[in-house]
Amino acid sequence: MVVSGLPNQPQSDSNELRVHWNSPLSGQQKASGKYGTGQLDFDAIVDFAQEADSLGVDSLLMGIGNHMPDPLPILGALVRETKRVKFLLAYRPGLLPPTLFAQVVNTVSWMSDGRISLNLVAGTSPVEQAYYGDFLAHDERYARSNEFLDILHRLWRGDTPLTYDGDHYRVKDAQVGLGYKGGGRPEIYISGASEVAQQTAVDHGDCWLRYGDTPEGMAAAAKPVLAQGGRVGTRMHVLARETRAEALADLADLMRDPDEVHRKRIADAVAASDSVAVNTSFRLAESADSDWLSPMLYSGAVAYRGGPALCVVGSYEEVAAYLYEYKAAGISEFIFSGWPTQQEMRIFYTRVLPLLRQHERAGAQGKQTGQLLSPETVSS
């Protein structure tokens with residue numbers, strides 16, 4: 001069953017799709033380009049977060065990976081540079097012991113007035129995990145994640161002093177002096193595409209998060225989680241323009257002169273990965289007809305950027321209408337990126353999101369009246 005006891009619920013209409021954005025920690029500016037490693041433009045990250053704050057972005061995903069700066073210190077600074085936007089911290093069990101991690105999260109909750117949620121990632125690559133001294137296999141990483149989350153929940157419930165004797169963690173009389181601000185705990189998102197990832201999300205999380213697919217594909221994948229009362233979110237890119245022709249022209253520009261060395265590096269990483277999510281996303285992209293999974297869903301950038309690069313492409317209205325199809329498929333949240341991501345975020349929140357909300361209002365009114373209303377009818 002889904003874990004309860006969460007007083008810090010989303011403040012928006014619970015029937016509205018929640019839309020988050022990815023903070024650009026990797027430095028990648030082009031759909032077919034390499035990561036911008038070896039440097040950190042913190043001023044640009046602050047500027048991005050402040051614009052997200054002004055646009056009304058729900059949360060910014062703070063990603064994790066050896067090619068990026070660690071998200072924790074950046075998040076700690078950004079909460080002082082923003083007022084409203086929340087931060088979705090991606091982190092891996094195994095990097096910090098659970099008591100210390102709870103202490104860190106609780107501290108940030110006070111610094112940010114509760115604007116932190118968690119994206120627990122079990123790990124995507126044995127090679128990268130080994131960089132950090134972690135040699136557990138796929139299912140064992142999820143077993144560790146379950147223990148990690150079990151301890152966190154007990155600490156946040158106040159079941160202290162806590163003594164825990166598991167296969168991966170042992171603590172004795174554990175307690176933290178600073179609780180989560182306001183009581184309760186942060187929202188918890190669990191990433192992955194395997195059955196064990198799904199069950200971890202149901203048992204210990206609030207939302208199961210997976211890479212994108214068509215609405216039909218997402219509907220099939222989401223069924224087990226939705227049947228057990230969980231929420232389902234997806235991680236994709238978006239490219240929206242005034243007309244479809246403009247969107248396709250800009251997509252062609254972004255894919256021009258691709259970095260094939262980077263593509264080979266990504267292919268080698270995928271071949272060495274034991275992540276079901278990673279391998280599923282690449283198989284899905286490879287199955288596409290001329291790099292399109294549907295007339296709206298472009299897969300050509302996945303080879304350069306990974307699973308999150310599955311991209312919804314079209315006019316403002318086309319993108320809004322297509323995203324609304326995911327709501328019928330059971331999806332309640334999106335985490336988007338773009339190229340370049342700040343410009344795309346601005347376009348999405350000012351031009352596409354209002355149209356998506358019109359579709360949602362039309363659907364809600366149609367259910368009430370027993371007939372389908374068009375967005376134009378609702379807005380008139």
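Visitor: In which strand is Asp173 found?
Guide: This is a predicted model, and its strands are numbered from the N terminus. The strand that spans residues 170-174 takes in Asp173, and that strand is β6.

Visitor: What is the phi value of Asp173?
Guide: Asp173 is a residue other than glycine, yet its phi is positive. The value is near 55°.

Visitor: Is Asp173 buried, partly exposed or exposed?
Guide: Buried means under 20% relative accessible area and exposed means over 50%, with partly exposed in between. Asp173 has 41% relative accessibility, so the residue counts as partly exposed.

Visitor: How confident is the predictor overall, as a mean pLDDT?
Guide: Of the residues in the protein, 91% reach a pLDDT of 70 or more. The mean pLDDT of the protein is 91.

Visitor: Where is Asp291, and what is its phi?
Guide: Asp291 has its place in the loop between α10 and β10. Asp291 is a residue other than glycine with a positive phi, near 70°.

Visitor: Is Ser290 buried or exposed?
Guide: Ser290 lies in the loop between α10 (276-286) and β10 (292-294). The cut-off for exposed is over 50%. At 60% relative accessibility, Ser290 therefore counts as exposed.

Visitor: What distance separates the C-alpha atoms of Ser290 and Gly212?
Guide: Along the chain, Ser290 and Gly212 are 78 residues apart. In the model, their C-alpha atoms are separated by 18 Å.

Visitor: Is Ser299 buried or exposed?
Guide: Ser299 is found in the loop between β11 (297-298) and α11 (302-305). Leaving aside neighbours within four places in sequence, Ser299 is in contact with Ala285, Ala288, Asp291, Trp292, Leu293 and Leu310. Its relative accessibility is 4%, and buried means under 20%. Ser299 therefore counts as buried.

Visitor: Which residues does Arg144 touch, not counting those up to four places away in sequence?
Guide: Arg144 lies in helix α5. Arg144 is buried, because its relative accessible area is 8%. The residues touched are Pro93, Gly94, Ala122, Gln129, Asp134, Leu136, His168 and Tyr169.

Visitor: What is omega for the peptide bond from Thr160 to Pro161?
Guide: Pro161 is found in the loop between α5 (138-157) and β5 (162-165). The peptide bond from Thr160 to Pro161 is cis, with omega near 0°.

Visitor: What is omega for the peptide bond from Trp339 to Pro340?
Guide: Pro340 is in the loop between β13 (333-337) and α13 (341-369). The bond from Trp339 to Pro340 is cis, and its omega is near -20°.

Visitor: What accessible area do Val127, Tyr131 and Tyr132 have together?
Guide: Tyr131 lies in helix α4 (residues 126-131). At 53% relative accessibility, over the 50% cut-off, Tyr131 counts as exposed. Val127, Tyr131 and Tyr132 form a nonpolar patch on the surface, and their accessible area together is about 330 Å².

Terms used. Residues are numbered from 1 along each chain as its sequence is written. This is a predicted model: local features need pLDDT of at least 70, side-chain atom pairs count only at pLDDT 80 or more; totals for chains, interfaces and linings use all residues. Side-chain values use heavy atoms; hydrogens and water are left out. pLDDT is the predictor's confidence in each residue, from 0 to 100. Helices (H or I, at least four residues) and strands (E, at least two) are DSSP runs, numbered from the N terminus. Buried means under 20% relative accessible area, exposed over 50%, partly exposed in between (1.4 Å probe, protein chains only). Patches are made of residues with over 30% relative accessible area and no salt bridge: like charges are joined within 9 Å, nonpolar side chains (Val, Leu, Ile, Met, Phe, Trp, Tyr) within 5 Å. Accessible areas come from the Shrake-Rupley method with a 1.4 Å probe; for residues, only the protein chains shown count as cover. A salt bridge is a side-chain nitrogen of Lys or Arg within 4 Å of a carboxyl oxygen of Asp or Glu. Contact means heavy atoms within 4.5 Å.
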